[in-house]
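Good morning, everyone. Please look at the model on the screen while I talk.

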Amino acid sequence: MEDSAVKYEKFFSDIKQYFHIKDVDIRTYSPLTLAYIGDGIYDLVIRSVVVGHGNVRPGQLHQHTSHLVKAHSQSEMMEAILPELTETEADCYRRGRNAKSPTMAKNATMADYRRATGFEALMGYLYLTDQFGRLLYLVNVGLRGIGADEAV
């Protein structure tokens, strides 16, 4: 597991090198920017897990993925992983949760949407700081916490 996490951490380093992206102090990113990249990374992880569990019809893939990436599920996962967070991770989550977003999910309560934004900000922070192994660990804890580890 650790070896694969190291490969994915190298993935972002390779992107930065190939596209000549300069290193930036992560603290300068807004929580909504972290949530933006975190949303994409979390979606990629979930799609990878769902596809990895078998070759099924695209409709089923979409159904499984959609259930796990919606704001309500992310909110529940965040509640499950809160006790696992370091102080820095908890701060990142709170910044994302408290950020004033100009939009809101169609089918989510404001509380779920805010917790999900915090969750995505945390995912973005972990990805951009090359902590992909930690990101995977927390996603796994979250999936187990909502009983979805068996469903995917």
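First, the ground rules. This is a predicted model, where local features need pLDDT of at least 70 and side-chain atom pairs count only at pLDDT 80 or more, while totals for chains, interfaces and linings use all residues. Residues are numbered from 1 along each chain as its sequence is written, and side-chain values use heavy atoms, with hydrogens and water left out.

Start with helix H2, residues 31-52. Helices here are DSSP runs of H or I, at least four residues, numbered from the N terminus. H2 has 22 residues and reaches 31 Å from its first C-alpha to its last. That is close to the 32 Å expected at 1.5 Å a residue; the expected span is 1.5 Å times one less than the number of residues.

Which residues of H2 are buried? Among them are Leu34, Gly38, Ile41, Tyr42 and Val45. Buried means under 20% relative accessible area, exposed over 50%, partly exposed in between, with a 1.4 Å probe and protein chains only. What covers these buried residues includes helices H3, H4, H5, H6 and H7. Just after H2, glycine 54 takes a positive phi of about 140°.

Next, the crossing. The axes of H4 and H7 come within 8 Å and cross at roughly 105°. So H4 is roughly perpendicular to H7, a label for angles of 65 to 115 degrees. Met77, Ala80 and Ile81 in H4 meet residues of H7 including Leu138 and Val141. Contact means heavy atoms within 4.5 Å.

Now the rings. How many aromatic pairs does the structure hold? Two. Rings pair if their centres lie within 6.5 Å, and planes over 60 degrees apart count as edge-to-face. The rings of tyrosine 18 and phenylalanine 19 have centres 5.0 Å apart and planes at 75°, so this pair is edge-to-face. Tyrosine 18 is exposed, at 63% relative accessibility. Phenylalanine 19 is exposed too, at 55%.

Tyrosine 42 and phenylalanine 119 are also edge-to-face, 5.0 Å centre to centre, with 90° between the planes. Tyrosine 42 is buried, at 0% relative accessible area. Phenylalanine 119 is buried, also at 0%.

Last, isoleucine 15, in helix H1. Its relative accessibility is 26%, so isoleucine 15 counts as partly exposed. Isoleucine 15 touches Ile21 and Tyr127, not counting residues up to four places away in sequence.

Key
Helices (H or I, at least four residues) and strands (E, at least two) are DSSP runs, numbered from the N terminus. Axes are lines fitted to C-alpha atoms, for helices over the stretch in contact, and angles run from 0 to 180 degrees between N-to-C directions. Angles under 35 degrees count as roughly parallel, over 145 as roughly antiparallel, 65 to 115 as roughly perpendicular and the rest as oblique. Rings of Phe, Tyr and Trp (its six-membered ring) pair if their centres lie within 6.5 Å; planes under 30 degrees apart count as stacked, over 60 as edge-to-face and the rest as tilted.
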